[in-house]
Amino acid sequence: MKLLNEQDFDSAVNQSSIMIVDFFADWCGPCKMLAPFIEELSAQYTDIGFSKVNVDNAQSLAAKFQISSIPTLIFFKNGKEIKRVVGFKPMPELEALIEEVKKA
């Protein structure tokens, strides 16, 4: 899973038809709980791109996407945001969200 910054964000999001970006911080407990789920999902859904943005290191991206709480997952389809989920979510809920986005 690639860690994105301001320079490579747009090209990475446009690279996959579906891209899920995890906005996180190293100090965030719920982010740490979510991370293994995201890793597992990225192995399970090889047709979807998964990336991360550390909000402390990429503050302009966090501001651009108005990230006020973390973790925040943003689902992009063909480069456009189509869904956003804030806070820790259990694996079954994440899988259901991915299936919903794939059908959208």
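Q: Which residue in strand 5 stands opposite Phe76?
A: Phe76 stands opposite Glu81. The model is predicted, so local features need pLDDT of at least 70, side-chain atom pairs count only at pLDDT 80 or more, and totals for chains, interfaces and linings use all residues. Residues are numbered from 1 along each chain as its sequence is written, and side-chain values use heavy atoms, with hydrogens and water left out.

Q: What makes strand 4 and strand 5 a pair?
A: Strands (E, at least two residues) and helices (H or I, at least four) are DSSP runs, numbered from the N terminus. Two strands pair if DSSP finds at least two bridges between them. Strand 4 (residues 72-77) and strand 5 are joined by 6 bridges. So they count as paired. They run antiparallel.

Q: Why do strand 1 and strand 5 stand at the edges?
A: The open sheet has 5 strands in the order 1-3-2-4-5, with mixed pairing. Strand 1 (2-3) and strand 5 (80-86) each have a single partner strand, so one side of each has no neighbour in the sheet.

Q: Why is the pair of Phe23 and Phe65 called tilted?
A: Rings of Phe, Tyr and Trp (its six-membered ring) pair if their centres lie within 6.5 Å; planes under 30 degrees apart are stacked, over 60 edge-to-face, and the rest tilted. Phe23 and Phe65 lie 5.9 Å centre to centre, with 50° between the planes. So the pair is tilted. Phe23 lies in strand 2 and Phe65 in the loop between helix 3 and strand 4, so the pair ties together parts 42 residues apart in sequence.

Q: Why does Phe88 count as partly exposed?
A: Buried means under 20% relative accessible area, exposed means over 50%, and partly exposed lies in between (1.4 Å probe, protein chains only). Phe88 has 31%, so partly exposed is the label. Phe37, at 24%, is partly exposed as well. Phe23 and Phe65, in contrast, are both buried.

Q: How do you know that the charged end of Lys52 sits over the ring of Phe24?
A: NZ of Lys or CZ of Arg must be within 6 Å of the ring centre and within 35 degrees of the ring normal. The charged end of Lys52 is 4.6 Å from the centre of the Phe24 ring, and sits over it.
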